[in-house]
Amino acid sequence: LLAEAFWLMEGYFVRTLGMHRVYNSAFMNMMRDEKNQEYRLVIKNTIEFDPEILKRYVNFMNNPDERTAVDQFGKGDKYFGICIVMATMPGLPMFGHGQVEGFTEKYGMEYHRAYWDEHPDGYLVDRHEREVFPLLRRRRLFAGVENFLLYDFFTQGGVNEDVFAYSNRTNKEAALVLYNNRFGEAHGWIDQSAAYMVKSGSGEERSLEQRRLAQGLGLKNEPNMYVIFRDQISKLEYLRSCQEIHEKGLHFALRAYQTCVFLDFHQVQDDEHHYADLADYLEGRGVPSLEEALREIFLQPLLAAYRELVNVGLWNWLLQNRAAAGEAPLPQFEQALDEVQQKNMLLLGRVKEMAGGNGEEDVIAAEIRGELEALLTLPGAAARLADPETPELQEAFDYLLVGPRGVPLAGRDAMVWGTLLGWLCTHRLGRVLGVEEANYSEHSRTWIDEWLLGKVLGAAMKDLGADDGTAGRSLALVKLLCAHLARFDFREDSSTSTSLLLQSWLSEIEIQAFIQVNRHKGILWFNSESFEDLVWYMYAVRSVEILADLSSGEENARRHLLRIYAVVKELLAAQKASEYQVELLLKSARQLKEAGKDNLAVTGGQD
């Protein structure tokens, strides 16, 4: 039996008249109007009288007699906060027709059909699927009242009545929900629960009890015990001391209309003090992965040395003081290069400690210094090596200095310099292993992920001015350059062709992702601009390597640059004839070879 009760007579209908469920209109009205103290009092009075009544309430945000949910609550954080409270409170949540889709037409009970031509709001539906629906699938955790506890949110000025905080628990699972139903921030603690009625005997004897938060979550009170839990909304993981929760409760800082739903509580014992160190390091912060955060603590000496090189302060100083064409570097430029070389020595030493190996740090650091100097003085090198009798060489330098898609290297484009400097600071790390020349950068590529160097690189690129998307593409390029540059070689004794290089590239998942290979109507397509980026960066960093090592003479360097530039022209010619199709790209490269134009050597790659 489902009752529609008069205002605030819901409890009477279920405890006296015997109704199984009753519509709880107080939820909709009070939460909408932010009468938070009044509604918290409704909950307190109910659980003080009999908590069983609470699970008989049918909570809703709209029905055929009321304005639509989107009209009353909007589509923002307030709507979703109240919707999540509805989904996680004991009782029964009821969604109105069209609520999830964001429909605005009010449906009367006499309606046979909709009169307005409305379409689902994709954003609203998607956010329901991410934040609300997973909670509805776990209703067994929220529907009962046996372990339901409501908490006061204590601040320095007393209790903040705008914050709804409550926990619930089954035998194996626990949940903690907080929602700030006010346009304003809230900072405070939760620990002691509100009083609730329990039957104290076999008859009608009853008493009021209160519990602490740690009891509500079922946590052990041991000094070396920690609890891990996850916020369903932000997807962040948290680590807290069980003993500290027993003593103090938990502190929270909530934004306006912010919701937290903490789930998946599990306790871990800290026998080796790793969790204690991690808890001290996080200081209550949530992180995407606690496992990764543990690795980050272990890697701190290495990451600190890497940050000394990969940071916006150093990068900006180098870019501001690099030499333009025809100009001598500033006096402090040499001093900066010396400093970078010393920092590389420290970093390479840390890498050697982590990975072992027998590489010589001083030799590798000197090589990196040479590449950095070559990178930052490219205009001068181009002017020095240019040959009036070889116009193609000038064309090669012009292409190098203009940058991908016409972005001049003379500027300070975050994508270009973040990628080049990120590659330069990373690609030779693998040489400390003492492996052969052709393989060391692949180890460096592995460490970008394994040792969390990518997080440092991404942060530096954002500090340089890149947005999230640009920083992500730049980081992807650094990985590609480390992993695949060896195939873009310039040795005269190599027999691998440009067409085989293309086949080798297109067989790699990372390269496919970067140039956005996708199938549509049975045809494989690729993104032309991304392909041009890949070609230019491969050419640029290989040119830097050549210009940094002129031990075999400038004439030999000119010849190598021309050979690489010939590969570039063939790749771009194939791309131009491809009509953005992968099959035509490969076909065009093969036709160049058959026409006798594919005479540039590259290493690696398989047919």
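# A guided tour of the model

A search of the whole structure finds 41 salt bridges. Keep in mind that this is a predicted model.

**Stop 1: Lys 75 and Asp 121**

Select Lys 75 and Asp 121. They form a salt bridge, and their closest N and O atoms are 2.7 Å apart. This pair links distant parts of the chain, 46 residues apart. Lys 75 sits in the loop between α4 (69-73) and α5 (77-88). Asp 121 sits in the loop between β4 (92-94) and α6 (122-136). Colour by accessibility and Lys 75 comes out partly exposed, at 32% relative accessible area.

**Stop 2: Glu 296 and Lys 455**

Go next to Glu 296 and Lys 455. Their side chains meet in a salt bridge, at 3.1 Å from N to O. Which helices does this pair connect? Glu 296 lies in α11 (residues 290-298) and Lys 455 in α20 (residues 453-463), so the bridge ties together parts that are 159 residues apart in sequence. Now look at the cover on each partner. Glu 296 is buried, with a relative accessible area of 10%. Lys 455 is partly exposed, at 43%.

**Stop 3: along helix α14**

Select Arg 350 and Glu 353. This salt bridge has its closest N and O atoms 3.9 Å apart. Both residues belong to helix α14 (residues 331-355). They are separated by about one helical turn, because they are 3 residues apart in that helix. Glu 353 is exposed, at 62% relative accessibility. Arg 350 is partly exposed, at 28%.

Then pick out a group: Asp 77, Asp 126, Arg 127, Arg 130 and Glu 131. Salt bridges with shared partners join these residues into one network.

**Stop 4**

Show the surface and select Met 9, Tyr 12 and Leu 17. They make a nonpolar surface patch of about 250 Å². Met 9 is found in the loop between β1 (2-3) and α1 (10-15). Its relative accessible area is 33%, which makes Met 9 partly exposed.

**Stop 5: the nonpolar cores**

Hide the surface and go inside. The largest nonpolar core has 98 residues. Which of its residues touch the most other members? Select Leu 420, Phe 488 and Trp 505 to see them. Now highlight helix α24 (residues 528-548). That helix gives the largest share of this core, with 12 residues.

Zoom in on Leu 420. Setting aside neighbours within four places in sequence, Leu 420 is in contact with Leu 375, Leu 409, Trp 536, Tyr 537, Ala 540 and Val 541.

Another core, of 75 residues, lies apart from the largest one. To find it, select Cys 83, Leu 217, Leu 219 and Leu 263, which are among its members.

**Stop 6: the cysteines**

How many disulfides are there? The count comes to 0. Start with Cys 242. Its closest cysteine sulfur is in Cys 260, 19 Å away, too far for a bond. Cys 242 is buried, with 0% relative accessible area. Move on to Cys 260. For this residue the closest cysteine sulfur is in Cys 83, at 16 Å, again too far for a bond. Cys 260 is buried as well, at 5% relative accessible area.

**Stop 7: two positive phi angles**

Select Tyr 257. Its phi is near 60 degrees, a positive value in a residue other than glycine. Tyr 257 is in the loop between β15 (250-254) and β16 (259-269). At 15% relative accessibility, Tyr 257 is buried.

Now jump to Gln 516. Here too phi is near 60 degrees, and the residue is other than glycine. Gln 516 belongs to the loop between α23 (509-514) and β17 (518-520). Is Gln 516 buried or partly exposed? At 38% relative accessibility, Gln 516 counts as partly exposed.

**Stop 8: Thr 426**

End at Thr 426, in the loop between α18 (414-424) and α19 (440-450). Thr 426 is buried, with a relative accessible area of 0%. What does Thr 426 touch, not counting residues up to four places away in sequence? Show Tyr 306, Ser 444, Ile 448, Leu 457 and Cys 482 around it.

Definitions and conventions: Residues are numbered from 1 along each chain as its sequence is written. This is a predicted model: local features need pLDDT of at least 70, side-chain atom pairs count only at pLDDT 80 or more; totals for chains, interfaces and linings use all residues. Side-chain values use heavy atoms; hydrogens and water are left out. Helices (H or I, at least four residues) and strands (E, at least two) are DSSP runs, numbered from the N terminus. Buried means under 20% relative accessible area, exposed over 50%, partly exposed in between (1.4 Å probe, protein chains only). Contact means heavy atoms within 4.5 Å. A salt bridge is a side-chain nitrogen of Lys or Arg within 4 Å of a carboxyl oxygen of Asp or Glu. Patches are made of residues with over 30% relative accessible area and no salt bridge: like charges are joined within 9 Å, nonpolar side chains (Val, Leu, Ile, Met, Phe, Trp, Tyr) within 5 Å. Accessible areas come from the Shrake-Rupley method with a 1.4 Å probe; for residues, only the protein chains shown count as cover. A nonpolar core is a set of buried Ala, Val, Leu, Ile, Met, Phe, Trp, Tyr and Cys residues joined through side-chain atoms within 4.5 Å. A disulfide is a pair of cysteine sulfur atoms within 2.5 Å.
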